[in-house]
Amino acid sequence: MEEDLRSPQKRSTSPPPPFTLPVDSDKKATEFRPFSPSSLSSPHMRAFHLAWLSLFSCFFSTFSIPPLIPIIRHDLNLTDTDVGTAGMASFLGSIFSRLAMGPVCDLLGPRVASATLSLITAPIVLSASLVSSPQSFILVRFLVGFCLANFVANQFWMSSMFSGCVVGLANGVSAGWANMGAGLSQLLMPLIFTAITSLNVGTHTAWRLAFIVPSTFQALTAIMVLIYGQDLPSGNYKEFKKTKTESREEKFVHVLFNGLKNYRGWILGLTYGFCFGVELTTDNIIAQYFYDRFGVNLQVAGTIAASFGMANLFSRPMGGVISDRMGRRFGIRGRLWGLWAVQTAAGLLCVLLGRVNSLWGSVLVMCVFSVFVQAAGGLTFGVVPFVSKRSLGVISGMTGSGGTVGAVVTQMLLFSGSKFSKQTSISVMGLMMIVCTLPVSLIYFPQWGGMFCGPSFDPNEPADEHYRLLQ
C-alpha cells in the first residue's frame, strides 16, 4: 500500500514522550485530532493550527481588495481592463514567490519561511490604502499576491508533521480552513467599509482605512508562528541540520533540480492550476459578476461571493478525506482516480454556472461548484507528499505555483478585456478544467502503479529502493 510514504513505518502502540498523539518511526502523527484540547500540547497539532491561521490571514489580505473594487473602481477611475490586469497581477506575483517558497522551506524550514513572508508582505497590504492611480493599484495587487506563497509553507509543514495515512486529511483541512479567509474577506470587508462610513467618514477615506484590519491581522499571526511554532516533530530545522551527518546532507541545488526533473510535479502543477487556479479566479470575479449581471448591491454580492470561499470549511478537507480513504482501499490508483473524477465534475459544473440565467439558480450552481473545485485541491495535495521525499518542498512549490499560473491564464484569457461575456468566459473556463485534468492519467509510480497500470517493482526488494525510482 502506498500509505508507507517513504519506507515501512513502525507504528508505535503508545506515543513516546513528549508526544500526546500516536506517531510512526519518523515521529509523524498517525492521527489527526484538530478539536482535542489535549492534542494541542503536541507539536503536530500546534503546527496545524498555526499553519492554517497564518495562511488564513494571507488569504484574507489577498482577497480584501476584490469586494471593494466597485468602490475603488469609481474612486480611481479604473477601466475594466485596469481591474482585469490588476487581478492578473495579483496571481502573477504569487507564481514566482510560490516556486521560490518550496526550496526556501527545504533550506530554512516552514516556520521561518512562513513568518518571514507574512511580516514582509503585511506592510504591502497596508499600502493599498495609499494607491492613487491605476498603475499604483496594479502594482500593489502584484505585491500583495506574494502573500499566497504562504500556502506552500503550509502544505510542506503538514507533510513534515503527519504520516502518510492522514497526510491528505491534514493538508486538506489546513488549506481548506485557511482558504476560508478569501470567503470571509468577501463578507467582512464591505461590512468594515460600511461601518467606517457610518462614522461620517467619506468613501474616499473609508475604503483606505479598511485595509488596516487585514494587514494587522497578518502581522500578528506571523509573530505567533515564530513564537509557538516548531518545524518538525523533533524540533526546528536549525537544530535538525546540526545533527545531520555529512553523508546524508544534500546540497540545495541538488534538491532543487531533483524536484524540477520529476514529471509528476509538473502534471500536478497543471492539474492544480485548473482547480485551485480556477478557485482563485472565481474569488476574484464572482462578487463583481453578481453585482454587474444581476444588479444586487455591494453587501449582497459580497455575501454571495463569501459563500463560495466559505465552503472551504468542509469541501477541501473532504477532498483530503476522500484521497486518504481511496488510498487505503485502492492505493495510489484510488488517489489518482478520485482526483480525476472530482475535478472533471467540477469542470462540468463550471460550464453550467455560465449557462444559468437566474440569480438563485446561479447561486445554487455556484455553491455546488465550489464544493467540487475545492475538494479537487485537497485531492491534489493528497498525492503531492508521495512524489518526492528529498524534494518535498520543491514539488509542493511547483504544484502550488501551478495553481497561480492557472489563475493568471484564466484571468488573462477570459476576464481581462476578453471579447466574451463573463458568463461565456466562466463556461469556457469549465471546459479548460476538463481538458487539463486528463494528464493525471499519465502519472505512474513504479512501486504503486498508476490509474491504469499496476506496480512494476519486485515486492521482495527493500521499499527505499523502490522509492528511489521516483527520482
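The protein chain has a mean pLDDT of 84, with 89% of its residues reaching 70 or more. Over residues 1-16, however, the pLDDT is below 50, although this stretch still has 51 contacts in the model beyond near neighbours in sequence. Residues 245-249 also stay under 50, and for them the model has 2 contacts beyond four places in sequence. Where pLDDT is low, the predicted coordinates should not be read in detail.

Turning to the helices, H7 spans residues 167-197 and H15 spans residues 315-330, and their axes come within 7 Å while crossing at roughly 170°. Because angles over 145 degrees count as roughly antiparallel, H7 and H15 are described as roughly antiparallel to each other. On the H7 side the contact is made by Val167, Gly168, Leu169, Gly172, Val173, Ala175, Gly176, Trp177 and Asn179, and on the H15 side by Arg316, Pro317, Gly320, Val321 and Asp324. By class, the residues of this contact between H7 and H15 divide into 7 nonpolar, 5 polar and 2 charged.

Rolling a probe the size of a water molecule over the atoms shows where empty space is left. The structure holds 1 cavity of 30 Å³ or more, and about 30 Å³ of space lies in the largest cavity. Its lining is formed by Ile65, Ile72, Ala128, Val131, Phe137, Val140, Trp207 and Phe211, which by class amount to 8 nonpolar residues, with no polar and no charged ones.

Technical notes. Residues numbered from 1 in each chain as written. Predicted model: local features only at pLDDT ≥ 70, side-chain atom pairs only at ≥ 80, totals over all residues. Heavy atoms only, no water. 1 Å grid on protein atoms, 1.4 Å probe; cavity = no way out; pocket = protein on both sides within 12 Å on 5 of 7 lines; lining within 4 Å. Points joined across faces, edges and corners; volume = space filled by probe spheres on them. Nonpolar A, V, L, I, M, F, W, Y, C, P; charged D, E, K, R; others polar. Axes fitted to C-alpha atoms, helices over the stretch in contact; angles between N-to-C directions. Helix = DSSP H or I, 4+ residues; strand = E, 2+ residues; numbered from the N terminus. Parallel < 35°, antiparallel > 145°, perpendicular 65-115°, else oblique. Contact = heavy atoms within 4.5 Å. pLDDT = per-residue confidence, 0-100.
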